[in-house]
Amino acid sequence: MSTASDELLANAAASEVHFVGPREVIPTTHVAIVTCMDSRIDNFRIFGLDSGEAHILRNAGGIVTDDVLRSLVFSQRLLQTREIILMHHTNCGLHRTDEAAFRAQIAQEVGEDPPYAFGTFSDVDEAVRAAVARVRAHPFLPHRDQVRGVVYDVNTGNVREVV
Ligand SMILES: [Zn+2]
(Lines give C-alpha, C1' and ligand atoms only; values in the text may rest on other atoms or scores of the structure.)
Protein backbone atom coordinates (compact mmCIF):
# COMPACT_ATOMS: atom_id res chain seq x y z
CA MET A 1 0.00 0.00 0.00
CA SER A 2 1.42 3.37 -0.95
CA THR A 3 1.56 6.24 1.51
CA ALA A 4 1.07 9.96 1.03
CA SER A 5 4.86 10.30 1.24
CA ASP A 6 5.26 7.86 -1.65
CA GLU A 7 3.00 10.05 -3.75
CA LEU A 8 4.83 13.26 -2.83
CA LEU A 9 8.22 11.67 -3.53
CA ALA A 10 6.95 10.51 -6.91
CA ASN A 11 5.87 14.10 -7.60
CA ALA A 12 9.34 15.28 -6.53
CA ALA A 13 11.02 12.77 -8.84
CA ALA A 14 8.94 14.07 -11.75
CA SER A 15 9.41 17.76 -10.88
CA GLU A 16 12.82 18.14 -12.50
CA VAL A 17 11.21 18.91 -15.85
CA HIS A 18 9.68 22.06 -14.31
CA PHE A 19 12.95 23.26 -12.74
CA VAL A 20 13.24 27.02 -13.20
CA GLY A 21 17.02 26.99 -13.45
CA PRO A 22 19.82 27.65 -10.99
CA ARG A 23 19.62 30.74 -8.74
CA GLU A 24 22.21 32.60 -6.70
CA VAL A 25 22.46 31.61 -3.01
CA ILE A 26 22.10 35.26 -1.95
CA PRO A 27 18.32 36.01 -1.81
CA THR A 28 17.68 38.80 -4.32
CA THR A 29 15.25 40.73 -2.08
CA HIS A 30 17.65 40.48 0.91
CA VAL A 31 14.61 39.66 3.08
CA ALA A 32 14.16 36.81 5.59
CA ILE A 33 10.61 35.76 6.52
CA VAL A 34 9.76 33.87 9.72
CA THR A 35 6.37 32.19 9.82
CA CYS A 36 4.34 29.20 10.92
CA MET A 37 4.45 25.74 9.36
CA ASP A 38 0.66 25.94 8.84
CA SER A 39 -0.15 24.23 5.52
CA ARG A 40 -2.53 27.03 4.49
CA ILE A 41 0.26 29.64 4.32
CA ASP A 42 1.59 29.82 0.76
CA ASN A 43 4.45 32.24 1.34
CA PHE A 44 5.50 32.42 -2.30
CA ARG A 45 2.01 33.45 -3.41
CA ILE A 46 1.38 35.79 -0.44
CA PHE A 47 4.61 37.72 -0.85
CA GLY A 48 4.83 37.43 -4.62
CA LEU A 49 8.08 35.51 -4.42
CA ASP A 50 9.94 33.13 -6.68
CA SER A 51 12.80 30.79 -5.77
CA GLY A 52 16.04 32.57 -4.96
CA GLU A 53 14.32 35.69 -3.66
CA ALA A 54 13.93 35.34 0.15
CA HIS A 55 14.81 33.13 3.08
CA ILE A 56 11.75 31.51 4.63
CA LEU A 57 12.09 30.09 8.14
CA ARG A 58 9.15 28.06 9.44
CA ASN A 59 8.23 26.31 12.65
CA ALA A 60 5.12 25.64 14.74
CA GLY A 61 3.74 29.12 15.41
CA GLY A 62 6.46 31.02 13.61
CA ILE A 63 7.95 31.77 17.00
CA VAL A 64 11.41 33.26 17.42
CA THR A 65 13.33 30.38 18.98
CA ASP A 66 17.08 30.19 19.55
CA ASP A 67 17.32 28.20 16.33
CA VAL A 68 15.41 30.87 14.38
CA LEU A 69 17.84 33.47 15.73
CA ARG A 70 20.75 31.21 14.73
CA SER A 71 19.36 31.00 11.20
CA LEU A 72 18.76 34.77 11.01
CA VAL A 73 22.33 35.48 12.11
CA PHE A 74 23.57 33.19 9.36
CA SER A 75 21.11 34.76 6.89
CA GLN A 76 22.33 38.29 7.59
CA ARG A 77 26.03 37.75 8.19
CA LEU A 78 26.79 35.23 5.45
CA LEU A 79 23.94 35.52 2.96
CA GLN A 80 23.38 39.28 2.94
CA THR A 81 19.76 39.62 4.05
CA ARG A 82 19.02 42.95 5.72
CA GLU A 83 15.27 42.98 6.44
CA ILE A 84 13.02 40.62 8.41
CA ILE A 85 9.27 39.97 8.25
CA LEU A 86 7.70 38.02 11.12
CA MET A 87 4.29 36.62 10.19
CA HIS A 88 1.86 34.98 12.60
CA HIS A 89 -1.63 33.96 11.52
CA THR A 90 -5.22 33.54 12.65
CA ASN A 91 -6.52 30.16 13.76
CA CYS A 92 -3.01 28.92 14.63
CA GLY A 93 -2.62 25.59 16.41
CA LEU A 94 -0.56 27.31 19.10
CA HIS A 95 -3.23 29.94 19.70
CA ARG A 96 -5.18 29.29 22.89
CA THR A 97 -3.47 25.95 23.47
CA ASP A 98 -2.69 25.60 27.18
CA GLU A 99 1.08 25.10 27.33
CA ALA A 100 1.08 23.73 30.90
CA ALA A 101 -1.69 21.23 30.19
CA PHE A 102 -0.06 20.13 26.92
CA ARG A 103 3.30 19.65 28.66
CA ALA A 104 1.69 17.75 31.53
CA GLN A 105 -0.08 15.45 29.09
CA ILE A 106 3.18 14.66 27.29
CA ALA A 107 5.11 14.22 30.54
CA GLN A 108 2.52 11.78 31.81
CA GLU A 109 2.64 9.75 28.60
CA VAL A 110 6.43 9.76 28.08
CA GLY A 111 7.67 9.96 31.64
CA GLU A 112 9.68 13.14 31.24
CA ASP A 113 9.17 16.81 30.35
CA PRO A 114 9.83 17.93 26.77
CA PRO A 115 13.10 19.92 26.81
CA TYR A 116 11.71 22.98 24.96
CA ALA A 117 8.90 25.50 25.21
CA PHE A 118 6.12 25.09 22.65
CA GLY A 119 5.49 28.84 22.61
CA THR A 120 1.71 28.81 22.80
CA PHE A 121 0.04 32.21 22.96
CA SER A 122 -3.33 33.75 23.82
CA ASP A 123 -3.18 36.98 21.79
CA VAL A 124 -1.81 36.88 18.24
CA ASP A 125 -0.96 40.62 18.06
CA GLU A 126 0.89 40.39 21.36
CA ALA A 127 2.79 37.33 20.09
CA VAL A 128 3.87 39.26 16.98
CA ARG A 129 5.03 42.22 19.06
CA ALA A 130 7.01 39.88 21.35
CA ALA A 131 8.62 38.18 18.35
CA VAL A 132 9.64 41.53 16.83
CA ALA A 133 11.03 42.69 20.19
CA ARG A 134 13.07 39.51 20.58
CA VAL A 135 14.64 39.92 17.12
CA ARG A 136 15.35 43.64 17.66
CA ALA A 137 17.07 42.82 20.96
CA HIS A 138 19.38 40.16 19.50
CA PRO A 139 22.84 41.77 19.41
CA PHE A 140 24.33 39.25 16.97
CA LEU A 141 22.06 40.50 14.17
CA PRO A 142 23.72 43.41 12.35
CA HIS A 143 20.49 44.64 10.69
CA ARG A 144 17.61 45.29 13.08
CA ASP A 145 16.15 48.57 11.75
CA GLN A 146 13.76 46.84 9.30
CA VAL A 147 11.91 44.22 11.34
CA ARG A 148 8.19 44.09 10.53
CA GLY A 149 5.44 42.05 12.19
CA VAL A 150 2.22 41.01 10.43
CA VAL A 151 -0.79 38.74 10.91
CA TYR A 152 -2.13 36.62 8.03
CA ASP A 153 -5.83 35.77 8.09
CA VAL A 154 -6.14 32.17 6.84
CA ASN A 155 -9.86 32.65 6.14
CA THR A 156 -9.65 35.81 4.01
CA GLY A 157 -6.03 36.08 2.83
CA ASN A 158 -5.73 39.52 4.46
CA VAL A 159 -2.28 40.53 5.75
CA ARG A 160 -2.36 43.13 8.51
CA GLU A 161 0.75 44.90 9.78
CA VAL A 162 0.97 44.94 13.59
CA VAL A 163 4.35 46.51 14.19
ZN1 LIG B 1 0.27 28.37 13.03
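Arg 23 is partly exposed, at a relative accessible area of 42%. For the cut-offs: buried is under 20% relative accessible area, exposed is over 50%, and partly exposed is in between, with a 1.4 Å probe and protein chains only. A salt bridge here puts a side-chain nitrogen of Lys or Arg within 4 Å of a carboxyl oxygen of Asp or Glu.

First, the ground rules. This is a predicted model: local features need pLDDT of at least 70, side-chain atom pairs count only at pLDDT 80 or more, and totals for chains, interfaces and linings use all residues. Residues are numbered from 1 along each chain as its sequence is written, and side-chain values use heavy atoms, with hydrogens and water left out.

What does the pair tie together? Asp 50 sits in the loop between helix H2 (43-46) and strand E2 (54-59), and Arg 23 in the loop between helix H1 (4-14) and E1, so the bridge joins parts 27 residues apart in sequence. Helices (H or I, at least four residues) and strands (E, at least two) are DSSP runs, numbered from the N terminus. Asp 50 is partly exposed, with 35% relative accessible area.

Now the overall layout. The protein has 5 helices and 5 strands. From the N terminus on, the order is α-β-α-β-α-β-α-α-β-β. The C-alpha trace spans about 50 × 50 × 35 Å along its principal axes. There are 163 residues, and buried ones make up 36% of them. The accessible surface comes to about 10,100 Å². Carbon and sulfur atoms hold 53% of that surface. Areas are Shrake-Rupley with a 1.4 Å probe; for residues, only the protein chains shown count as cover. Take the contacts with a separation of 6 or more: 64% of them come from residues 24 or more positions apart. Contact means heavy atoms within 4.5 Å.

Next, the metal. Which protein residues are donors of the zinc ion? Cys 36 through SG, His 89 through NE2 and Cys 92 through SG, lying 2.0 to 2.2 Å from the zinc ion. In sequence the donor residues are spaced C-x52-H-x2-C. Cys 36 in strand E1 (residues 31-36) and His 89 in strand E3 are 53 residues apart, and the pair links distant parts of the chain. Cys 36 and His 89 are both buried. One caution on the list: donors are N, O and S atoms within 2.8 Å of the metal (3.2 Å for Na, K and Ca), and water is not among the atoms, so sites may look incomplete.

Thr 35 is also in strand E1. Is Thr 35 buried or exposed? Buried, at 0% relative accessibility. The Thr 35 side chain reaches the backbone oxygen of Met 87 at 2.8 Å. Leaving out residues up to four places away in sequence, Thr 35 touches Ile 41, Asn 43, Leu 57, Arg 58, Asn 59, Gly 62 and Met 87.

Met 87 takes us to the strands. The bridge partner of Met 87 in E4 is Val 150. Strand E3 (residues 83-89) and E4 pair in the parallel sense over 6 bridges. Two strands pair if DSSP finds at least two bridges between them. How enclosed is strand E4? Of the 6 residues in E4 (residues 147-152), 5 are buried, so the rest of the structure largely encloses this strand. E4 also pairs with strand E5 (residues 159-161), antiparallel, over 3 bridges. There the partner of Val 151 in E5 is Arg 160. E4 and E5 form a hairpin with 6 residues between them. Gly 157 in the turn has a positive phi of about 85 degrees.

Last, more charge pairs. The whole structure gives 8 salt bridges. One of them joins Asp 67 and Arg 70, at 2.6 Å from N to O. Both lie in helix H3 (residues 66-79), 3 residues apart, about one helical turn. Asp 67 is partly exposed at 42%, while Arg 70 is exposed at 54%. Glu 99 and Arg 103 form a salt bridge too, with their closest N and O atoms 3.7 Å apart. These two are 4 residues apart in helix H4 (residues 99-110), again about one helical turn. Glu 99 is buried at 17% relative accessibility. Arg 103, at 21%, counts as partly exposed.

Conventions. A polar contact is a pair of N or O atoms within 3.5 Å; within protein, one must be able to donate a hydrogen and the other to accept it, and residues adjacent in sequence count only if both atoms are side-chain atoms.
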